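Here's a quick briefing to read alongside the structure. Have a look at the fold and the ligand, then come back for the numbers.

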Amino acid sequence: MRSTVGWQVADSSSTLRRTPLERRDLRPDDLAVRVDYCGVCHTDVHAVGARSGEGDRPLVPGHEFTGVVTATGHAVTRCAVGDPVAVGNIVDSCGECAMCRAGQENFCHTFPTLTYGGTDRHDGSTTLGGYSREYVVRDRFAHPLPAGLDPAAAAPLLCAGITVWEPLHALGAGPGTRVAVAGLGGLGHLAVKLAVALGAETSVISRSPDKAGDAHRLGAHGLVVSSDPEQMADARDRFDIVIDTISAPHDLGPYLRLVAMDGTLSHLGHLGPVTVETLDLLVGRKKLSSAGSGGRPATAAMLDFCARHGITADVEVLPSAQVNEALDRLRRNDVRYRLVLDLSDLDLPESGVRTG
Ligand SMILES: NC(=O)c1ccc[n+]([C@@H]2O[C@H](COP(=O)([O-])OP(=O)(O)OC[C@H]3O[C@@H](n4cnc5c(N)ncnc54)[C@H](OP(=O)(O)O)[C@@H]3O)[C@@H](O)[C@H]2O)c1
Ligand SMILES: [Zn+2]
Ligand SMILES: [Zn+2]
């Protein structure tokens with residue numbers, strides 16, 4: 001086994017503690033990656049909060065990271081030691097089902113192996129995420145990081161970015177389409193940047209009127225304040241695509257009413273059961289959809305698009321020792337627009353004091 005160190009919750013609290021971790025020895029098609037930067041996704045907050053404390057497996061969150069290859073298994077040909085790579089929230093899939101054959105590993109019929117909290121297909125171990133100095137990953141699921149993308153600001157592309165890219169692309173966002181993004185957070189701000197770069201007329205729907213300036217800076221046309229009934233009524237039937245990234249459970253009705261005839265609400269944020277008034281779909285023949293993460297070809301296409309258009313996340317980089325504060329800030333909606341952990345402090349002794 002390979003020894004590393006990371007941020008783990010192992011008890012019933014929601015506090016992550018610096019913990020020695022083990023990674024598997026490299027299989028022939030594995031890479032070892034030195035994790036440099038890992039984004040803090042709201043799913044990490046949900047995962048920490050979902051722990052009951054009893055019988056839970058230890059949790060190391062983190063599923064959007066960039067780093068550098070430090071070792072390769074003997075069958076690896078796609079990359080070499082020293083290459084910059086990026087890893088998202090899928091680290092394996094069956095490779096044989098119709099979804100995998102179509103390049104939609106994110107929808108693998110046997111469910112993709114998640115980067116953390118998943119079960120390894122070979123040894124049955126629980127996967128431990130990227131809040132860690134090293135990750136061992138099957139080479140197919142490490143994406144070359146295009147030159148020109150800042151590794152810290154590119155890390156969030158691997159979950160937040162690809163999660164909004166796939167539906168925008170699948171639903172045809174581009175010139176002549178009107179896109180609205182509900183919830184201006186980590187996913188939301190990347191959805192705005194991507195939709196604008198795809199050529200769509202893009203708006204934001206937010207509870208926070210003070211985000212209007214940021215919405216404009218990101219290229220949005222306008223901001224609809226979701227708590228203002230008049231503004232919501234004015235925006236009725238206005239958007240061909242609504243990308244809903246809201247992190248809390250909410251009534252879909254008000255957002256469906258903003259969808260234009262034959263348009264689609266893509267519900268990506270808070271996953272779980274929802275109640276839908278069918279009349280909100282019937283009037284205007286509207287569609288309700290969802291999506292999650294992305295397949296390998298779409299991830300490569302998204303990274304290429306971002307490199308060509310100079311798109312990365314708006315990030316605030318924190319030493320990884322501030323991970324608990326980072327999660328708290330995300331819970332309080334005090335992030336504009338993605339916190340990214342710099343894992344290099346894990347090379348220092350635990351006190352974090354540099355010694356010469
Ligand atoms: N489908 C997938 O595969 C996938 C992948 C990644 C993440 N997710 C999920 O997507 C959601 C967003 O993640 P994120 O990292 O972007 O989170 P985030 O940065 O915290 O952004 C979420 C945004 O939702 C809005 N919001 C929060 N609470 C709300 C409430 N009670 N009512 C209305 N709006 C509210 C806020 O925007 P305003 O201030 O603008 O209102 C907030 O900025 C999370 O639930 C996450 O688990 C899903
Ligand atoms: Zn995520
Ligand atoms: Zn499969």
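What percentage of the 356 residues in the chain is buried? Buried residues come to 47% of the chain. Keep in mind that this is a predicted model.

**Overall fold**
- The chain holds eleven helices and 17 strands.
- A compact globule of 356 residues would have a radius of gyration near 21 Å, and the chain agrees with that because its own value is 20 Å.
- The C-alpha trace spans about 60 × 45 × 40 Å along its principal axes.
- Take the contacts between residues at least 6 apart in sequence: 65% of them join residues at least 24 apart.

**Ligand 1 and its shell**
- Ligand 1 is surrounded by 31 residues, and the closest are His-42, Gly-183, Gly-185, Ser-206 and Gly-292.
- Sorted by class, the shell has 18 polar, eleven nonpolar and two charged residues.
- Three helices, α1 (42-49), α4 (160-170) and α5 (186-198), each put at least two residues into the shell.
- Ligand 1 lies between domain 1 (2-159 + 312-347) and domain 2 (160-289), because both give residues to its shell.

**Nonpolar core**
- The largest nonpolar core has 96 residues, and Val-33, Val-87, Val-164, Val-181, Ala-191, Val-242 and Ile-243 have the most contacts inside it.
- Domain 1 (2-159 + 312-347) and domain 2 (160-289) each contribute at least three residues to this core.
- Looking past its neighbours within four places in sequence, Ile-243 is in contact with Val-164, Pro-167, Leu-168, Val-179, Val-181, Ala-182, Ala-191, Ser-266 and Leu-268.

Terms used:
Residues are numbered from 1 along each chain as its sequence is written. Chains are lettered from A and ligands numbered from 1 in the order in which they are written. This is a predicted model: local features need pLDDT of at least 70, side-chain atom pairs count only at pLDDT 80 or more; totals for chains, interfaces and linings use all residues. A residue is near a molecule or strand if its C-beta atom, placed from the backbone, lies within 6 Å of it. Helices (H or I, at least four residues) and strands (E, at least two) are DSSP runs, numbered from the N terminus. Ala, Val, Leu, Ile, Met, Phe, Trp, Tyr, Cys and Pro count as nonpolar, Asp, Glu, Lys and Arg as charged, and the others, Gly among them, as polar. Domain bounds come from an automatic or database domain assignment. A nonpolar core is a set of buried Ala, Val, Leu, Ile, Met, Phe, Trp, Tyr and Cys residues joined through C-beta atoms within 7 Å. A residue is buried if 20 or more other C-beta atoms lie within 10 Å of its own, exposed if 12 or fewer, and partly exposed in between; C-beta atoms are placed from the backbone. Two residues are in contact if their C-beta atoms, placed from the backbone, lie within 7 Å. The radius of gyration is taken over C-alpha atoms; the globule rule is 2.2 Å times the number of residues to the power 0.38.
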